[in-house]
Amino acid sequence: MLAQAALQSTPALVPVAMAGLMLWVVYRRVRRNFGFQPIHTRKMAVRVGIFAVVACLLMTIGFVSIHLAEGALAGLIVGGALAMLGLKLTRFEIGTGNTDGYTPNPWLGAGLTALLVGRMVYRFVILGSAFHAGTAPAHGPAPGDSPLTMAVVGLTLGYYLAYYAGILVHHRRFKRQALAQAA
């Protein structure tokens, strides 16, 4: 009896759990856009690797729909260009010991996060109301068929992939210069 009641309430808890998980991920992303951030080269290298794999997987959507892949590719390219701007606006600091870090431009990262979250909320509202009514969405593309959403995802992914890679390159270059001046 108790197990049956738990199984019936589980589907209702899935959206709540997913919303909580998404809020936690967004909080972590926003927190990394403000203030001094220490450089952890291994963690950043792993992030760059994960973002690269996800970008490759994102492009496989072209096997299903070419216009989704075009949106994702456009987002990746624009995101990479924005990352170059973000690197120019980032302040790097070399400290004593293991306290090297950077202060990112808060407007770029927060703007990209807001754009991604806004697009996802919009899609969930449109699709949620359509699924609740049992009809196809009245406005916009069918579920899973939005090149604009793929472009926004690609934009965010391309930005952070290029930005973290650029931070690693800049940090390595700066360390070499510091070692050369000390010798």
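A nonpolar core is a set of buried Ala, Val, Leu, Ile, Met, Phe, Trp, Tyr and Cys residues joined through side-chain atoms within 4.5 Å. I kept this meaning in mind while reading the structure, which is a predicted model.

Entry 1, the chain. I first looked up the secondary structure and found five helices and three strands. Along the sequence, I read their order as α-β-α-α-β-β-α-α. Of the 183 residues in the chain, I noted that 32% are buried. I recorded an accessible surface of about 11,600 Å², with 72% of this area belonging to carbon and sulfur atoms. Among contacts with a separation of 6 or more, I found that 76% join residues 24 or more positions apart.

I then asked which residues of the largest nonpolar core touch the most other members. They are Met44, Tyr102, Leu157, Tyr159, Tyr163, Tyr164 and Ile167, in a core of 24 residues. I saw that α2 (41–59), α3 (66–89), α4 (106–133) and α5 each supply at least two residues of this core. Helix α5 gives the most, with 10 residues.

Setting aside neighbours within four places in sequence, I listed the contacts of tyrosine 102, among them Met44, Tyr163, Tyr164 and Ile167. The list also includes Gly35, Phe36, Gln37, Pro38 and Ile39, as well as Thr90, Arg91 and Phe92.

I located threonine 156 in helix α5, which spans residues 147–182. Is threonine 156 buried or exposed? I class threonine 156 as buried because its relative accessible area is 11%, and the cut-off for buried is under 20%. Beyond neighbours within four places in sequence, threonine 156 is in contact with Leu112 and Leu116.

Methods
Residues are numbered from 1 along each chain as its sequence is written. This is a predicted model: local features need pLDDT of at least 70, side-chain atom pairs count only at pLDDT 80 or more; totals for chains, interfaces and linings use all residues. Side-chain values use heavy atoms; hydrogens and water are left out. Helices (H or I, at least four residues) and strands (E, at least two) are DSSP runs, numbered from the N terminus. Buried means under 20% relative accessible area, exposed over 50%, partly exposed in between (1.4 Å probe, protein chains only). Contact means heavy atoms within 4.5 Å. Accessible areas come from the Shrake-Rupley method with a 1.4 Å probe; for residues, only the protein chains shown count as cover.
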